[in-house]
Amino acid sequence: MDTQNPSAPPRAQSAPADNPARSRHHTGGVIHENTRHTTRFVVIGNHLTQHKELSLLAIGLGCHIQSLPTGTPADIKSLASRFKEGTTRIAAALRELETHGYLRRERVRTATGRIITRTISCNQPGHRREPADTGCPTPPRTTHRPEPRPRKALPAVPQPTQAAATALRQQATDLLTGLRRHDPRLLLSATDTAHLTPGVIAWLEREVTPTTVRHALTTDLPDAPLRRPAALLAHRLTAQLPPPPPYRTPAGPPPPPRHRLRNCDGCDHAFRAPETETRCGNCRTTDPGRL
């Protein structure tokens, strides 16, 4: 008579078809202890959190951006100040999100004419909708252009010590207008030339030749494009202004006037005297009537 072994384990039951049997060496996976959120939460799709092509940094950055309130800065500099990954890695992650449609960056013009970059977060790529209000709505297109910014004033230049002669002023103007022949970047407007002319006259008054002034203004110019050539020339005219010429002792009294030769009415000898005198000195001494 067969006797059952009460210590033998019962026969293992087969697993259902829709739940394959786990490996006997399975150590367990993640276990969720979830509590339902009622405030301060965001719904993020598994297509982002479990994306097979995005890096872990891009997935985390995408989740972070989707959780930001509308209008929060999401540029590289702002994100780098929040996270320690650095601008290079953050920029690469943003490009990943753009490639897969989770992010879109557009340059728009505000009502004041300023160009800004608008970051648009897409929680479902391929389902494009109108972006939420970010406080900077795109203004309607108009035909007028924004007013130009006011022109920054040029630095002051040295002023002449006395009223310059017309010839000296023309010489300074010709010198400035001819600078473009030495460097095309030094093409000056009429307003800039009028502003710089007194500074050049101040140099010429110090007995500096036009060639020396031209050399001081055109030597060792930077290789980069000159945004404000007149400002650079004004700075050089002021910073490199030479000292006044050395003091010269004024000359003595002018020599007496030299009268022309005339013949004496008494002795017919030639002598020099004013036209009021008709006799030489000897004749005036011997003729008492002339004394």
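Author: A crossing is left-handed if the near helix is turned anticlockwise from the far one by less than a right angle. The model discussed here is predicted.

Reader: What makes the crossing of H6 and H8 left-handed?

Author: The crossing of H6 and H8 is left-handed, which means that the near helix is turned anticlockwise from the far one by less than a right angle. The axes of H6 (residues 190–205) and H8 (residues 229–239) cross at roughly 20° and come within 10 Å.

Reader: Why are H6 and H8 called roughly parallel to each other?

Author: Angles under 35 degrees count as roughly parallel. The axes of H6 and H8 cross at roughly 20°, and the two helices are therefore roughly parallel to each other.

Reader: Which residues make the contact, and of what classes are they?

Author: H6 contributes Asp192, Leu196, Gly199, Val200 and Trp203, while H8 contributes Ala230, Leu233, Ala234, Arg236 and Leu237. Seven of these residues are nonpolar, one is polar and two are charged. Gly counts as polar, and Asp and Arg as charged.

Reader: How many cavities of 30 Å³ or more does the structure hold, and what volume has the largest cavity?

Author: The structure holds one such cavity. The volume of the largest cavity is about 30 Å³.

Reader: Which residues line the largest cavity, and which helix gives the most to the lining?

Author: The lining comprises Leu48, Gly62, Ile65, Gln66, Leu97, Tyr102, Leu103 and Ser121. Helix H2 (residues 56–67) gives the most, with three residues.

Reader: What is the make-up of the lining of the largest cavity by class?

Author: Five residues of the lining are nonpolar, three are polar and none is charged. Tyr counts as nonpolar and Gly as polar.

Key: Residues numbered from 1 in each chain as written. Predicted model: local features only at pLDDT ≥ 70, side-chain atom pairs only at ≥ 80, totals over all residues. Heavy atoms only, no water. Axes fitted to C-alpha atoms, helices over the stretch in contact; angles between N-to-C directions. Helix = DSSP H or I, 4+ residues; strand = E, 2+ residues; numbered from the N terminus. Parallel < 35°, antiparallel > 145°, perpendicular 65-115°, else oblique. Contact = heavy atoms within 4.5 Å. 1 Å grid on protein atoms, 1.4 Å probe; cavity = no way out; pocket = protein on both sides within 12 Å on 5 of 7 lines; lining within 4 Å. Points joined across faces, edges and corners; volume = space filled by probe spheres on them.
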